[in-house]
Amino acid sequence: MRSDDGVMALVEEFAAARARGEEPDVREYLERAGDHAGEFGSMVSAIISATPPPAPSAEALASAHALLASEPPLLALRHRRGLTVDELADHLVGELGIAPAGRPRLRALYQRLEAGLVDAAGIAARLRSALATAFDVAEGEIVAPPAAGRGVVFARGPEGWEGALDDLPVDALPGPPSAEVDDLFGLPA
Amino acid sequence: MRPAPTTDETGDDDATLLERGRHGELLARHLGDVRTHVAIRLWRRHHDEYLDEIVQRAVERLVRELRAGKRYGVPYGVVVRKVSEWAVKDWIAEYTQARARDGGDLDISGGAAPTAPDAFGEVEVTVAFEETLARLSPDDREAARLAWIEGMPPAAIARRLGCTRNAVDQRLHRIRVHLRKALLP
């Protein structure tokens with residue numbers, strides 16, 4: 001990025017993409033701005049604070065409503081896509097290249113994530129990406145309930161949810177140990 | 001690109017949504033901007049591994065405040081920006097304390113130290129974008145609105161305004177000069 005006008009053009013490009021609902025990743029633009037990243041960032045912050053955001057997607061709206069209602073946003077997204085936990089687990093296993101033996105553990109950990117028993121902030125980027133693909137949302141829309149210890153843990157869900165959780169004692173997960181799966185969910189080694 | 005919006009077809013603005021208690025729509029509109037603000041504040045300070053955690057904290061705070069019925073004296077876009085910035089600052093403070101408590105053993109995976117000078121800390125934006133637009137000529141203001149708020153490319157703006165592409169380019173250049181002067185010290 002060589003000129004001030006170039007920075008402004010980049011800011012304009014970002015603002016236009018945001019206005020069109022394309023959800024541009026500002027990090028790519030910061031990279032392109034090079035030595036002018038500071039100026040670029042300041043202007044983008046100012047402009048998006050002062051201009052109307054694009055209309056949200058139905059998925060973002062479902063997620064936001066769930067958050068405000070103290071319900072699991074991931075559950076809302078999953079239901080919106082009409083996916084069962086088993087179907088989602090199949091998708092994640094395929095998308096992430098997990099060995100079949102790791103599926104039960106992945107499925108159980110996903111349920112814990114959905115219920116707020118696993119901190120969504122600590123999940124691996126590739127799991128976040130796979131969930132975004134499954135739910136057809138931007139990665140930034142994969143928000144989840146506060147994890148245990150930092151806030152409310154959800155204790156309700158769809159039919160059968162509580163029973164499924166009861167089958168998963170805190171200190172034991174189904175299936176063989178899998179560092180690969182645990183790493184996806186940010187569990188300590 | 002995400003599918004065409006299916007909500008918010010009323011075109012209500014943030015203030016209306018807040019006033020009418022349509023908090024879900026309000027929050028949903030700004031989820032992407034939270035991530036943008038946090039990513040900007042984190043740029044060149046940490047690697048991406050902390051972005052999602054901090055975004056989540058910012059969203060949690062926005063949710064708490066909406067649930068509590070908090071009212072604001074500034075536009076909600078400014079609230080989103082400040083909450084996002086505070087989430088970054090709070091995280092850095094916690095990180096720094098934890099690092100000191102644990103004897104500096106925490107790994108930040110090659111990122112710059114959290115206590116490094118904030119690349120954006122000294123830049124204060126003193127003139128609002130809308131105020132800058134208000135000072136433009138009516139034609140330039142309309143071009144700016146179409147480009148920056150409606151997201152139209154220059155060729156579409158030219159068709160809309162009934163002028164040449166070159167004229168639009170010239171207008172956008174003038175607007176950029178105004179904005180740069182207004183938004184940066």
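## Exercises on a two-chain helical model

There is a kink of about 40 degrees in α2(B), centred on L31(B), where the bend at a residue is the angle between axes fitted to the seven residues ending there and the seven starting there. The model is predicted: local features require pLDDT of at least 70 and side-chain atom pairs pLDDT 80 or more, while totals for chains, interfaces and linings use all residues. Residues are numbered from 1 along each chain as its sequence is written, with chains lettered from A and ligands numbered from 1 in the order in which they are written.

**Exercise 1.** Determine the span of helix α2 of chain B and whether its residues are buried or exposed.

*Solution.* 
- Step 1. Helices are DSSP runs of H or I with at least four residues, strands are runs of E with at least two, and both are numbered from the N terminus.
- Step 2. α2(B) covers residues 23-42, which is 20 residues.
- Step 3. A residue is buried if 20 or more other C-beta atoms lie within 10 Å of its own, exposed if 12 or fewer, and partly exposed in between, with C-beta atoms placed from the backbone. In α2(B), 20 of the 20 residues are buried, so the helix is largely enclosed by the rest of the structure.
- Step 4. After the helix comes R44(B), which has a positive phi near 65 degrees.

**Exercise 2.** Describe the setting of R160(B).

*Solution.* 
- Step 1. R160(B) belongs to helix α7 (residues 154-161) of chain B.
- Step 2. R160(B) counts as partly exposed because it has 14 C-beta neighbours inside 10 Å.
- Step 3. Contact requires C-beta atoms, placed from the backbone, within 7 Å. Residues up to four places away in sequence being left out, R160(B) touches L146(B) and M152(B).
- Step 4. R22(B) lies 138 residues from R160(B) along the chain, and their C-alpha atoms are separated by 33 Å.

**Exercise 3.** Characterise the side of chain A that touches chain B.

*Solution.* 
- Step 1. The contact involves 53 residues of chain A and 54 residues of chain B.
- Step 2. Elements giving two or more residues to the chain A side are α1 (4-19), α2 (26-33), α3 (37-50), α4 (58-68) and α8 (125-135) of chain A.
- Step 3. α3(A) gives the most, with 13 residues.
- Step 4. Ala, Val, Leu, Ile, Met, Phe, Trp, Tyr, Cys and Pro count as nonpolar, Asp, Glu, Lys and Arg as charged, and the others, Gly among them, as polar. By these classes, the chain A side has 31 nonpolar, twelve polar and ten charged residues.

**Exercise 4.** Identify the residues with the most contacts inside the largest nonpolar core.

*Solution.* 
- Step 1. Such a core is a set of buried Ala, Val, Leu, Ile, Met, Phe, Trp, Tyr and Cys residues joined through C-beta atoms within 7 Å.
- Step 2. The largest core has 96 residues, and V11(A), F40(A) and V38(B) have the most contacts inside it. Its largest share, nine residues, comes from α2(B).
- Step 3. Neighbours within four places in sequence aside, V11(A) is in contact with F40(A), M43(A), V44(A) and I47(A).

**Exercise 5.** State the helix content and buried share of each chain.

*Solution.* 
- Step 1. Chain A has ten helices and zero strands, and 47% of its 189 residues count as buried.
- Step 2. Chain B has eight helices and zero strands, and buried residues make up 38% of its 185 residues.

Conventions
The expected span of a helix is 1.5 Å times one less than its number of residues. Two residues are in contact if their C-beta atoms, placed from the backbone, lie within 7 Å.
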